[in-house]
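Keep the structure open while you read.

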Amino acid sequence: MRFKPVSLRGLRTRSLKDRKSKVSVSAFARPFQIGASFRDFCDTLPDVLGAASLREVASAVASAVRRGRTVAVGMGAHVIKVGLSPVIIDLMERGVISAVAMNGACIVHDFETACAGMTSEDVDEELRDGSFGMARETGRMLNRAIGRDGAGLGLGRAVGAMIARSRFPHRDRSILAAAARLDIPATVHVAVGTDIIHVHPQMDAAATGLATHRDFRLFTSVVASLEEGVYLNIGSAVLLPEVFLKALALARNLGHRVERITTVNMDFIQHYRPVTNVVRRPTACGGRGFTLTGHHEIMVPLLAAAIKEELAMESDGRDLGQDGP
């Protein structure tokens, strides 16, 4: 079979003015001016793709806070390891974050930050001689708190209360201690064998299982309240997306309406499980799902600041409405 180049004589064209285009100059970025505010900076971002999603997520969170709806954050330990605990705590103290869900590694880094002011060991180096994960205080004190109070308080509250009543020099940087102080649900969802404290002799598997199952049931009550609220999954690629999906199924099975929900996955790589189990499936009944891609140490402070600016603008608007003519 022989082929010849097609003839272009019959090509149909149309005016560029008649064609639908997805981007116009009205959506373009504007250069940031030195001395301007963060609010001005937000206004300079282009109104496309990730920047548009950032604005929409900040607006959704601010709207949920204003209407008294739940804003829950699920997080992996990387959020703590890159120094973002003060940002999360600030949003908790301002009444923005209603609940926090963590994987098991979070309590390790939260505790070590509070106790020693440092965390995140060199796994590559310490794995060579078997010293990885063998910090004495971490294994002893976390397992002791879980074994003593986990079954009654839940794993997150047991550890948070322990840190809160301690004399640790940096306990003000503990998300779990802040949750205990503010009486905010902080749940911890453990996969046995994934965390360094599970190799220590003080580990009580039965107590850990009871504590983390209690936290799952508490987390389900949080998820059950998410109608018109927001759930943000930050840096958990497997565990929390699975826990969230099961909690959502349980909440709906028990008769709770959780349909108009905004879900967000924040990570530097968009993985299958969070995109499917957080962004897409839970919002199929009428919600909205977003992905925000980038390094946590940049994106989380940026989103937090945008949320605070959005709330400040709403407050300014109400004040103007009340005081104006």
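Where is the place of Glu228? Find the loop between helix 10 and strand 4, and you'll see Glu228 there. Bear in mind as you look that this is a predicted model. Glu228 is worth a stop for its backbone: its phi is positive, about 65°, although Glu228 is not a glycine. Most residues other than glycine have a negative phi. Asp183 is another case, with a positive phi near 60° in a residue other than glycine. You'll find Asp183 in the loop between helix 9 (175-182) and strand 3 (186-189). Asp183 counts as exposed because its relative accessibility is 59%, and the cut-off for that label is over 50%.

Now zoom out for the overall picture. The protein chain comes to 13 helices and 6 strands, and its C-alpha trace spans about 80 × 80 × 50 Å along the principal axes. Of the 325 residues in the protein chain, 43% are buried. The chain exposes about 17600 Å², and 55% of that is supplied by carbon and sulfur atoms. As for charge, there are 40 positive and 34 negative side chains, with the centres of the two sets 9 Å apart. If you take the contacts between residues at least 6 apart in sequence, 77% of them join residues at least 24 apart.

Next, head for strand 1, residues 71-75. All 5 of its 5 residues are buried, so strand 1 is largely enclosed by the rest of the structure. Look along the strand and you'll see Val71, Val73 and Met75 pointing one way, with Ala72 and Gly74 pointing the other way. Strand 1 also has partners. It pairs with strand 4 (residues 230-234) in the parallel sense over 5 bridges, and Ala72 has Tyr231 as its bridge partner in strand 4. Strand 1 pairs with strand 2 (residues 99-103) too, again in the parallel sense, over 4 bridges. There, Val73 has Val100 as its bridge partner.

Met75 turns up again when you look at the nonpolar cores. The largest one has 60 residues, and Met75 is one of those with the most contacts inside it, along with Met92, Ile107, Ile175, Leu232, Met266 and Leu303. There's also a second, separate core of 16 residues, which includes Ala101, Leu226, Val258 and Val278. Back in the largest core, pick out Ile107. Setting aside residues up to four places away in sequence, Ile107 touches Leu142, Ile146, Leu155, Val159, Leu176, Val188 and Ile197.

Two of those neighbours, Ile146 and Leu155, are also touched by Thr208, along with Val190 and Met203, again not counting residues up to four places away in sequence. Thr208 is found in helix 10 (residues 205-224). Is Thr208 buried or exposed? It counts as buried, because its relative accessibility is 3%, and the cut-off is under 20%.

Finish at Gly289, in strand 6 (residues 288-293). Gly289 has 34% relative accessibility, so it counts as partly exposed. Leaving out residues up to four places away in sequence, Gly289 touches Thr263, Val279 and Thr283.

Note on methods. Residues numbered from 1 in each chain as written. Predicted model: local features only at pLDDT ≥ 70, side-chain atom pairs only at ≥ 80, totals over all residues. Heavy atoms only, no water. Core = buried A, V, L, I, M, F, W, Y, C linked by side-chain atoms within 4.5 Å. Buried < 20%, exposed > 50% of the residue type's maximum accessible area, 1.4 Å probe, protein only. Contact = heavy atoms within 4.5 Å. Helix = DSSP H or I, 4+ residues; strand = E, 2+ residues; numbered from the N terminus. Areas by Shrake-Rupley, 256 points an atom, 1.4 Å probe, with all protein chains shown as cover. Lys, Arg positive; Asp, Glu negative; His and termini not counted. Charge placed at Lys NZ, Arg CZ, Asp CG, Glu CD. Pairing = 2+ DSSP bridges.
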